[in-house]
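Subject: Handing over a model

Hi there,

Here is the structure I promised to pass on to you. Please open it in your viewer and keep it beside you as you read.

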Protein chains: 2
Amino acid sequence: MKRYVVIVAGGSGTRMGTSTPKQFLLLNGRPLLMHTIESFDKAGCSGNIIVVLPQKETGQWQQLTETYNFNTKHTVIAGGMTRSESVRNGLSHVPAESIVAIHDGVRPLASLELINRCFESAIETGNAIPAIPVVDSLRKIAGDKNTVADREVFRIIQTPQCFRSHELKKAYSQAGSHSFSDDATVFEKDGHAINLVEGERTNIKVTVMHDLMIASSILNAREH
Amino acid sequence: MKRYVVIVAGGSGTRMGTSTPKQFLLLNGRPLLMHTIESFDKAGCSGNIIVVLPQKETGQWQQLTETYNFNTKHTVIAGGMTRSESVRNGLSHVPAESIVAIHDGVRPLASLELINRCFESAIETGNAIPAIPVVDSLRKIAGDKNTVADREVFRIIQTPQCFRSHELKKAYSQAGSHSFSDDATVFEKDGHAINLVEGERTNIKVTVMHDLMIASSILNAREH
C-alpha cells in the first residue's frame with residue numbers, strides 16, 4: 001500500500017516570543033519544516049507529501065523554498081480554522097486505498113525507524129499511534145484541588161499517527177465540526193480500538209524556544 | 001526560616017546503558033550531582049545540604065569530590081532500600097523548625113528562580129510542588145485497551161518539593177513502609193492539600209543518555 005503523509009503546520013510563533021511561525025524557525029540553519037518533510041521523503045512517502053499551512057503563510061513558504069533551494073517534492077494546501085479542519089483538507093488529497101500518516105509539522109526529529117514502525121504496524125492492525133511512558137510524577141487537577149495520578153497507566157502520545165486512509169477519512173467525515181487534539185481521538189470516536197506503538201523520547205514537539213535548542217543538540221548528536 | 005535540602009541520588013545507570021550511577025555521569029565535564037548540589041548552595045541552603053547516596057557509592061563519591069576538587073559543603077548519608085526510606089533517612093538530619101526541599105539528584109538544572117519560588121511559596125502555604133502542563137496528547141491504559149485522557153487536567157510534577165520540615169517528618173512517620181514516587185504523595189496522604197507552583201520545562205530529570213545531551217545544551221545556552 002502506498003504511503004502518504006499529511007504534515008500539519010498551523011502553529012503561530014506566539015509562545016516562542018517571535019512573529020515567525022514556529023515551523024519556519026531555523027533548526028541548524030534551515031526552517032524546521034524542511035527537516036520534517038525530508039524525514040518522510042526518506043521514509044517512502046516521496047511524491048506523496050501534503051503540507052497543510054495557514055493560507056497567509058503559503059507565500060512566505062514559497063519564498064523560503066527558493067531561498068534554501070529546497071527541492072523535495074511536496075504539495076502545499078491551505079489549512080482550516082482548526083487542526084481538525086486542516087487535517088480534513090489534507091486528507092482530501094490522499095487516495096482511499098493507501099496508508100496515511102498525520103504528523104505535526106513541528107516534530108522534525110521522528111527517526112526513519114519510528115516512521116517505518118508506525119506505517120508497518122498500521123498496515124497490519126489498521127492504526128498505529130506512537131506513545132512513550134511518563135517519567136515524572138503526574139497530578140490531576142479538579143477545580144482548586146489536585147490529587148496524585150498513577151503515571152504507570154498513562155502514555156504520552158506523539159505523531160506520526162498512521163491509519164488506513166479510507167478509515168480515517170470516514171472517521172473525519174463523521175466527527176462533525178468539533179476540533180480534536182489528535183487523530184487517534186477522532187479515530188477512537190468512530191469506534192476503533194487504538195493501537196499504541198513504541199514512540200521515541202527524541203521525537204519532540206518544538207513549542208517553546210528552548211525546544212529548538214534541544215532539537216539542535218539531538219540533531220548534532222545524530223550527525224556525529 | 002532556615003532552608004535545608006535533601007538531595008536523593010539513588011538511581012543506577014542501567015537505563016543509561018552504563019555501570020556508572022546516573023548521578024555520577026559527567027555533565028559538561030563534572031559529575032551531574034555536583035551541578036545539583038551547587039544550585040542549592042547558591043539558593044540559600046549553604047551548609048544545610050544533605051545528599052542521600054546508596055551506601056556502596058559513598059566511597060566513589062568521596063573520590064570524585066577529591067578528583068574534581070569539589071568543596072561545596074554537604075553531608076553524605078546512606079540511603080535505604082526504597083526512595084521513601086532514603087528521604088526518611090535524609091529528613092532525620094533536618095531540624096524540625098526549618099523549611100526543607102526534597103530534590104532529585106539527577107535534576108541538575110533547577111534554576112535559582114525556581115528554587116526560590118518553591119521555598120518562598122512553601123513558607124507561605126506549607127508546601128510547594130513545581131508542576132508544568134502536558135504539551136502532548138495523553139492516553140490512559142486499562143488492560144489491553146486505551147482511551148484518550150484530557151491533558152488539560154493533568155500536570156507533570158517536578159522537584160524541588162518544599163515543605164515545613166516538621167510537617168513532612170510527621171507525614172513520613174505515618175506513611176509506613178510503602179514506597180511513594182514523590183513527596184507530594186506522602187504529604188497528601190497525611191491529609192494536606194497540595195500547592196502547585198509553576199515549574200520549568202528545562203528542569204529535566206536525567207534518566208536516559210540523550211537527556212544528558214539535552215542537559216548539556218541547556219547549560220551551554222545559559223552560560224552564553
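Below are my notes, going from the fold to the pairing of the chains and then to single residues.

First, the conventions. This is a predicted model, where local features need pLDDT of at least 70, side-chain atom pairs count only at pLDDT 80 or more, and totals for chains, interfaces and linings use all residues. Residues are numbered from 1 along each chain as its sequence is written, chains are lettered from A and ligands numbered from 1 in the order in which they are written, and side-chain values use heavy atoms, with hydrogens and water left out.

**Chain A as a whole**

Chain A has seven helices and 12 strands; these are DSSP runs numbered from the N terminus, helices being H or I with at least four residues and strands E with at least two. Its radius of gyration is 17 Å, close to the 17 Å of the globule rule for 224 residues, so chain A is as compact as a globular protein of that length. (The radius is taken over C-alpha atoms, and the rule is 2.2 Å times the number of residues to the power 0.38.) Along the principal axes, the C-alpha atoms of chain A fill a box of roughly 50 × 40 × 35 Å.

Of the 224 residues in chain A, 56% count as buried. Buried means under 20% relative accessible area, exposed means over 50%, and partly exposed is in between, with a 1.4 Å probe and protein chains only. The accessible surface of chain A is about 9500 Å², and 50% of that belongs to carbon and sulfur atoms; areas come from the Shrake-Rupley method with a 1.4 Å probe, and for residues only the protein chains shown count as cover.

Among the contacts in chain A with a separation of 6 or more, 74% are between residues 24 or more positions apart. Contact here means heavy atoms within 4.5 Å. As for charge, the mean positions of the 24 positive and 23 negative charges of chain A are 3 Å apart. Lys and Arg count as positive and Asp and Glu as negative, while His and the chain ends are not counted; each charge is placed at NZ of Lys, CZ of Arg, CG of Asp or CD of Glu.

**How the two chains pair**

**Residues to look at**

B:Asp183 is in helix H6 (residues 183–189) of chain B, and it counts as buried at 0% relative accessibility. Beyond its neighbours within four places in sequence, the contacts of B:Asp183 include B:Arg83, B:Gln161 and B:Tyr172.

A:Ser121 sits in helix H4 (residues 112–125) of chain A and is buried, with a relative accessible area of 16%. A:Ser111 is in the loop between strand S6 (98–104) and H4 of chain A; A:Ser111 is buried too, at 8%.

A:His166 belongs to helix H5 (residues 165–174) of chain A and is partly exposed at 36% relative accessibility. Not counting residues up to four places away in sequence, A:His166 touches A:Ala96 and A:Glu97.

**Backbone details**

A cis peptide bond joins A:Thr159 and A:Pro160, with omega about 10°. A:Pro160 is in the loop between strand S10 (154–157) and strand S11 (161–164) of chain A. In chain B, a cis peptide bond joins B:Thr159 and B:Pro160, with omega about 10°.

Phi of A:Asn69 is near 50°, a positive value in a residue other than glycine. A:Asn69 lies in the loop between helix H2 (58–67) and strand S5 (75–78) of chain A and counts as exposed at 57%. B:Asn28 also has a positive phi, near 45°, and is partly exposed at 36% relative accessibility.

Best wishes
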